[in-house]
Amino acid sequence: MDLKHVRNIDFTLIVVVGLLLAFGLVILSSASGNVGREPLEYVRKQVFWIGAGTLVIASIMFFRYQTAARYAWHLYVFNILILLAVLVFAEPVKGAYRWIPIGGFQFQPSEFSKLLLILTFADFLAKRKDRLNTFKDLLPCFAFVAIPMALILKQPDLGTSLVFVAIMMGMLLAAGANKRLLAVLCGGGLLVVALALYGHFAWHWPLPLKEYQIQRLIIFLDPDMDPMVSGYHIRQSLIAIGSGGLLGKGLYNGSQAQLNFLPEHHTDFIFSVVGEELGFVGVAALLCLFLIFILRALRIALEARDTYGTLIVVGVMSMFLFHIMINIGMTAGIMPVTGIPLPFISYGGSAMLTNMMSLGILINVSLRKQTILF
Amino acid sequence: MTGKFFGLLGEYANGLTTDPEAAKKRKELEKTLRVFVVIILLIFGGLFCRLGYLQFIAREQYQTTSEENRIKLLPIQAMRGDMADKNGVVLATSVPVYNAYITYLGVKGGNIELVKNKVAAILGPNDPKISPAYIQEQIDKSNFRLYEPILIKSGLTEQEVASLEERRMELPGVVVEKVPVRYYPPYEGNQIAGHLMGYVREISPEEMKRYADENYRLGEMIGKFGLEKGYEKYLRGQDGYQQVEVNNTNRPVRIFYNQNPVPGNRLVLTIDAQLQKCMEDSMDETLKRLQKDLPKAQAGSAVLINVRTGAILAMVSRPILNPNDFVGPLDQETADYYHRSNPPAHINRAIQAAYPPGSTFKPITALAALEAGKLNPRETVTCTGAYWEKPYIKCWGVHGTVDFYKAMATSCNVYFQEMGRRATIDSINRVARELGLGQETGISLPGEEEGLLPGRDWKRAWGNSYANNRYKSRLQELEKQTQEKLAAVVTEAEREKVQKKDAELRKIIERDYQNDLKYWPTWQAYETYNTSIGQGRNQYTVLQLANYIATLANGGSRFQPYLVDRIETAEGNLVQQFSPVLLNQAALSAENMALVRRGMLAVTEPGGTANYLFQDFPVKVAAKTGTAETGRVGDVKDRDYHGIFVAFAPYDNPEVAFAGVVEYGYHGGSSAGMIARAVLEQYFGAKKSELTNLVPFGRVEE
């Protein structure tokens, strides 16, 4: 790493992420107080993963991000291998095969798989930058993404496969693909999904999803349909957020979270705890931090030294944006329940490491932006 | 617009690049990335709006739901009110039963395995089903209501209570609690007034629905019969509550506050336990004695009433009902005894059964004739063993010339049929109604029978419906037969023949119907004769009979019979004092009533049918015996009679009135009369006599 790069460092980004992490730890101390063996167990673990992530970021600094492009195919194969490994070695948790035990830790390869996809797909796209105008041009791109995505769907992890779609769409858009075509594809895709779901319930069309997944996809439309089972999460989350009001019930005082009415309140539904305990003020602050973070990432993409850099940053940004939208939308009852965590806030080692690595990539690209040429 | 937002991104547009190719590329990229800005702002804007809606507009509703999630109310059972006789003898109460519970809040954080083992060691020896596994099962079973104490064993022995209390420190979360259970204590060794008390049992789903406004809990006890039912709202009390905060698995987290229960009110009855017991004992004794000759004599009822107030002093029904049988589950044998045996015990025969009054109706016939001005007490009628009008209803004997007093004393059927004829049914109806027969007395016990006082109106309704039913069923039968025949005909000639026959038969049916409509709805003379001697269709409850005698005795004031003198709080403060309720002042001449009373006195005087019962009695008793055809299907007409007895005393200044029925008791005097004698002895403090000695040898009465 060239020391002259250091002055390029994006302090706003670092500060915003620092604030997000701090916010996350505070709310986690409340949300996980009744989960672990001792009140701060999960906070301690999360701090450990933040520390580990910081080390990863630091080590990433020393590599030029372009190196990844050179080994793109190796990484792609590696990605597929680890996803296959999941299907072979993972032990089922609640019916899904997602976790591989390594050492004393449980790793979730699909988290890292997202990053590997971004690094490899960016190279794939950069090489066909100006040939993305027709549907036929896009077919190889779809095939490129479809292979790892299919393996993740097999786990089954519907949420992460949807993240793949979001990453792909974002990167295609940034790579200059035909915007109208992408819009048609997005709209058409949503229409097909809606029609398929409707057909499933109206005429019992077979779908390549488990019944509980389908149920979770549509229950947000009317959680009271099944308030004790599939609608339970959303109902309790809405109660938590709604009862928070403007100022919230106060940190450590949210009855929904502290009395365990709200499930998964330290992981997927941690945002509901923010809503309940800190109210609209807390929620708005968190959303603002995320907004700044996303816009800074967009700026890094714009200033990237080369197309590859732009594309990986847009990939990372798309991933974060999609996570934020789906996770918060889910807790607020306007998005389906897909089990996607909130970046930097939800508890989870693999996710935190992936998020920190993603941050590392953003910093790496920003350090080597074009301005230093002069 | 997007350009403006792009400004947020920083000062990248300062023209830092010089390469025109790169500048062009950058411009293009900038254009593309503007699309992202729009998407980003749409997403964040959408989330802001949604969260704003949830936290501002929908806030109140979610706050309520959030509170409902965490606050639960634990009921604390209120003590049900006692019932006591007029002198304070407790007839119904609640006794504490000790139950062992485990409370989740108590064992939380402790060593639950150890607690389970110790509890099982203490309670196991007396109840082998209690093991650590059983306790765990109970905990698992109440998984959704862990904020409520979990019952491990109910009805602990004193020793078990002591052992649990002793080792309290080692048994965190184990609670021994007193729970009230209904108990009806025997009086001097006998269970008394069971039908009066009634009983409580778990509320049924239908009752839950019916009393939806009263806030009954599932599984709560509710009065189902007798006074327990009639005075449910006073006896019940008000449950207390404990407010606890629970978590998502309904485990209690902490207790907010307690609201203590308010115990139910206490009923002080008009019943005198001593009189009641005396009546119960003599009823049992009489039934037992009668059963030697009359095996069907199994059931009966008697009432003693204060003629000046309407207060009931004693009320008995047989077969006996022991309310303690209804505490807890009912086994098959017991359930059969109460509901399916013959005769079933689950009936308060004083108010829920109606009997033909037999000769005890004759004072009313006499009153009716007197009121009509057709009876002169000195005038004689000649009894030749049967009435001279059709259908020549027989008398018990051949009484020769009888005047009013002799007719009463000997219960002469001929005399009273003649008086009934003179009075007419309308007058008899009026007098009976003035004295309360054929109508509910209004006693505050559930399920009172109305009885039946037949007259012209009743006959019209009954006769019309009888004629119509007969007509309809005959027509249906004819149609069915004609259809069958028509289906079998071959030739046209045969068909015509069948149709002709049908028309003929139809004509006959029509004609019969017209005759029926003339005959059946019309009151017939013989029905008046039947009614005059208490036979026919009329039937009344024992309480109605008692109240009619009481009204006659006190000179025409008909009071509403009542059982509860006053209602007090558990501490003894008066809540409500009941005073006599005058239902009506009978529109009957005082002289006529006095004359009839004098006639009833003749019944216990020498020559009277009840003379043998009261000849040596220190107080003058006026009475009337009755032997009534049961009117029940399958009974033998010359052997199966109900024995009925009514009386009041003292004759000169009446205080109490009695009415009693012994089903299949044959003679009124030797069945219900014996009970009257025993109760009046008790009431007036007379020397107790051996009842069997009273029965005259080989005597045939009435």
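In what order do the 3 strands of the open sheet in chain A lie? The order is β1-β2-β3, and the pairing is antiparallel. The model is predicted.

**Sheet of chain A**
- The edge strands are β1 (91–93) and β3 (105–107) of chain A, each of which pairs on one side only.
- Direction ignored, neighbouring strands of the sheet are turned by 50° against each other on average.
- Strand β2 (residues 96–102) of chain A runs antiparallel to β3(A) and is joined to β3(A) by 3 bridges.
- A:Pro101 has A:Gln106 in β3(A) as its bridge partner.

**Helix pair α4(A) and α6(A)**
- Helices α4 (residues 72–89) and α6 (residues 135–154) of chain A pack with their axes 10 Å apart, at an angle of about 15°.
- Because this angle is under 35 degrees, α4(A) is roughly parallel to α6(A).
- The crossing of α4(A) past α6(A) is left-handed.
- On α4(A), the contact is made by A:Asn79, A:Ile80, A:Leu83, A:Leu84 and A:Leu87; on α6(A), by A:Ile147, A:Pro148, A:Leu151, A:Ile152 and A:Lys154.
- The residues of this contact comprise 8 nonpolar, 1 polar and 1 charged.

**Contact between chains A and B**
- In chain A, 39 residues are in contact with 34 residues of chain B.
- Elements giving two or more residues to the side of chain A that touches chain B are α7 (158–174), α10 (232–244), α11 (255–258), α12 (270–303) and α13 (307–331) of chain A.
- α12(A) provides the largest share of that side, 13 residues.
- The residues of the side of chain A that touches chain B divide into 22 nonpolar, 14 polar and 3 charged.

Notes
Residues are numbered from 1 along each chain as its sequence is written. Chains are lettered from A and ligands numbered from 1 in the order in which they are written. This is a predicted model: local features need pLDDT of at least 70, side-chain atom pairs count only at pLDDT 80 or more; totals for chains, interfaces and linings use all residues. Two residues are in contact if their C-beta atoms, placed from the backbone, lie within 7 Å. Helices (H or I, at least four residues) and strands (E, at least two) are DSSP runs, numbered from the N terminus. Ala, Val, Leu, Ile, Met, Phe, Trp, Tyr, Cys and Pro count as nonpolar, Asp, Glu, Lys and Arg as charged, and the others, Gly among them, as polar. Axes are lines fitted to C-alpha atoms, for helices over the stretch in contact, and angles run from 0 to 180 degrees between N-to-C directions. Angles under 35 degrees count as roughly parallel, over 145 as roughly antiparallel, 65 to 115 as roughly perpendicular and the rest as oblique. A crossing is left-handed if the near helix is turned anticlockwise from the far one by less than a right angle, and right-handed if clockwise. Two strands pair if DSSP finds at least two bridges between them.
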